[in-house]
Amino acid sequence: MRPSVTEQLEGLARILAEVIAPEVEAPYAAEMLGGVIGSLDSLKTAWATVPAFLLWDIASTEAVLAAALPVLAEDLFAEISALVADAAGDTLDWSALEIRQVRLRELLARAVPAILEHREDSNAYALMVELFRDRAERFPFSMSARPPAKKPAPTEK
Amino acid sequence: MNEDIAERLRSWLAEELDDPAVRIEGMRRTSVGYSRENWVFDACWKADGQDRMGAFIARRDPTGSVLDTDRRVEFAVLLALSNSHVPVPKVRWLDAQGTRLGRPSIIMDLADGVCDYLALNGKRPAGRRLAIAHQLCDRLADIHGLDWRAQGLGAVLDDPGPRAPIVALDHWQSELRRVQLEPEPELELVLAWLRGHAPANPVTTLVHGDFKPGNVLMQGDDVTLVLDWETAHLGDPLEDIGWVTNPLRAGEHRIAGLWEPAQYIERWCRRTGFTADATAIHWWNVLANLKQAITVLTGARSFVDGRFDRVLHSPVVIYRLLLQLIES
């Protein structure tokens with residue numbers, strides 16, 4: 001499948017940088033264009049790692065929630081048990097992975113007060129903090145993409 | 001776009017300056033600041049038979065940004081401070097309803113000077129940078145030392161009293177609820193920690209809310225004006241101290257080995273006469289990073305809604321720091 005997704009993103013960033021950017025004179029538009037090019041560069045590097053990240057995030061969040069079950073109220077316990085029992089479907093379906101990840105993180109957000117309250121008598125708190133730390137390390141995107149450093153102007157042959 | 005704004009500005013100024021022939025020259029949009037749309041321009045008009053010229057800056061609410069604030073409050077605060085010892089830009093006109101430029105806007109005099117967000121860590125020798133750091137600290141202390149009641153700010157801003165930390169926390173929690181695109185369990189943990197450790201506020205002062213080298217104007221090595229008052233409010237002065245000692249922004253606020261949080265706090269206490277409780281400052285450090293994270297999430301929301309021109313992702317780097325802070 002050529003050009004690949006990575007090659008397409010790389011090519012689009014190149015066109016914007018080499019064809020469009022030199023023609024853009026307005027300072028605001030030029031700065032925003034630099035941001036767009038930086039974001040495309042970031043996507044080029046990160047997009048292929050997203051499914052693996054989602055799978056890891058889902059498995060890790062499920063582990064924290066499983067550890068937290070004993071300290072949770074009945075309704076939250078039931079919701080988490082039902083979702084975890086309903087195994088993830090096609091792991092190549094990004095949309096399905098994103099939906100499951102969001103659902104699990106929503107349940108974790110609701111579980112936080114109980115996990116915090118029982119930090120001394122359950123290992124759920126330690127697991128949750130470890131998850132948050134690992135997640136920050138593994139997250140595929142940086143907070144804000146930087147425009148690439150400007151290349152020297154091409155010289156005429 | 002610029003032509004449309006220029007004509008709208010011209011029409012607004014023609015009315016304010018009472019000269020239908022007023023001209024706008026050299027107008028350009030600046031990208032300084034993530035939260036407002038700024039245009040700088042010169043205006044030429046006649047008054048009392050004399051040719052006049054002035055340099056101005058128009059600040060308009062964007063359709064989307066990293067921060068949602070109220071131009072009326074910003075204008076009223078700047079007006080109230082105009083006769084105080086806190087140096088602020090001169091505000092000229094307010095369009096609170098957005099009838100002039102399409103969205104709420106303020107026009108101010110464009111003052112000479114530069115914004116240098118890395119003034120404390122740029123190319124100047126260390127001694128000069130330290131002198132700038134002292135000025136910044138003194139300007140912040142002056143803001144906190146202001147008699148806000150005498151300046152009429154009590155009519156503009158609510159006094160949260162001893163509950164200032166909880167009021168600030170409630171505000172940012174509601175902002176999070178308003179903008180979040182997805183669940184953020186990391187921030188739920190931080191919110192719960194903050195609520196469980198909130199200090200009481202011993203004194204109410206004016207709080208700038210975003211004090212930093214990039215929000216002052218400098219001429220040479222002199223700090224001449226304090227800018228960007230859109231987040232100003234009444235509250236605990238330690239909120240600003242927690243902001244300027246935030247480890248996330250150390251590159252802007254510190255000079256390694258010379259100007260660390262201890263030096264900042266010591267000088268600030270001496271100038272204001274206030275005491276600074278270390279536990280309370282730590283709490284405000286955590287809140288500062290919560291604010292930073294929610295600001296990024298606001299930008300992400302605005303981008304997804306098609307109202308902001310930069311892509312922002314989950315601020316996991318801030319989450320990591322927040323975890324360190326609440327675990328320490």
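Ala164(B) touches Asn201(B), Thr204(B), Gly235(B) and Asp236(B), leaving aside residues up to four places away in sequence; here two residues are in contact if their C-beta atoms, placed from the backbone, lie within 7 Å. The model is a predicted one, where local features need pLDDT of at least 70 and side-chain atom pairs count only at pLDDT 80 or more, while totals for chains, interfaces and linings use all residues. Residues are numbered from 1 along each chain as its sequence is written, and chains are lettered from A and ligands numbered from 1 in the order in which they are written.

Ala164(B) sits in helix H4 (residues 164-179) of chain B; helices (H or I, at least four residues) and strands (E, at least two) are DSSP runs, numbered from the N terminus. With 26 other C-beta atoms within 10 Å, Ala164(B) is buried. The cut-offs work like this: 20 or more other C-beta atoms within 10 Å of a residue's own make it buried, 12 or fewer make it exposed, and anything in between is partly exposed, with C-beta atoms placed from the backbone. Pro213(B) is 49 residues from Ala164(B) along the chain, and their C-alpha atoms are separated by 25 Å.

Gly306(B) is a contrasting case. This residue lies in the loop between helix H9 (278-304) and H10 of chain B. Gly306(B) has 9 other C-beta atoms within 10 Å and is exposed. From Gly306(B) to Ile106(B) there are 200 residues in sequence and 24 Å in space, C-alpha to C-alpha.

Now for chain B as a whole. Chain B has 10 helices and 9 strands, and 45% of its 328 residues count as buried. The C-alpha trace of chain B spans about 65 × 45 × 40 Å along its principal axes. Its radius of gyration is 20 Å, which agrees with the value near 20 Å for a compact globule of 328 residues; this radius is taken over C-alpha atoms, and the globule rule is 2.2 Å times the number of residues to the power 0.38. Of the contacts in chain B with a separation of 6 or more, 71% are accounted for by residues 24 or more positions apart.

Helix H2 (residues 71-81) of chain B is mostly covered, with 8 of its 11 residues buried. Those residues of H2(B) are Arg71(B), Glu74(B), Phe75(B), Ala76(B), Val77(B), Leu78(B), Ala80(B) and Leu81(B). Strand E4 (91-95) and strand E5 (105-109) of chain B are included in what covers them.

Chain B is assigned domain 1 (2-109) and domain 2 (126-327), with bounds that come from an automatic or database domain assignment. The centres of these two domains of chain B, taken over C-alpha atoms, are 27 Å apart. Across the boundary, 20 residues of domain 1 of chain B are in contact with 23 residues of domain 2 of chain B. The domain 1 side has 12 nonpolar, 7 polar and 1 charged residues; Ala, Val, Leu, Ile, Met, Phe, Trp, Tyr, Cys and Pro count as nonpolar, Asp, Glu, Lys and Arg as charged, and the others, Gly among them, as polar.

Chain A has 6 helices and 0 strands. Of its 157 residues, 22% count as buried. A compact globule of 157 residues would have a radius of gyration near 15 Å, but chain A comes out at 22 Å. The C-alpha trace of chain A spans about 75 × 35 × 20 Å along its principal axes. Domain 1 (5-48) and domain 2 (50-138) make up the division of chain A, and their C-alpha centres lie 36 Å apart.

Within chain A, the axes of helix H3 (residues 50-68) and helix H6 (residues 124-138) come within 9 Å and cross at roughly 170 degrees. That makes H3(A) roughly antiparallel to H6(A). Axes are lines fitted to C-alpha atoms, for helices over the stretch in contact, and angles run from 0 to 180 degrees between N-to-C directions; under 35 degrees counts as roughly parallel, over 145 as roughly antiparallel, 65 to 115 as roughly perpendicular and the rest as oblique. Among the residues making the contact are Phe53(A) and Trp56(A) of H3(A) and Leu127(A) and Met128(A) of H6(A). By class, this helix contact has 10 nonpolar, 2 polar and 4 charged residues.

Finally, the two chains meet through 25 residues from chain B and 25 residues from chain A. On chain B, strand E1 (23-30), helix H5 (185-197) and helix H10 (316-327) each supply at least two residues of the side that touches chain A. H10(B) gives the largest share of that side, 6 residues.
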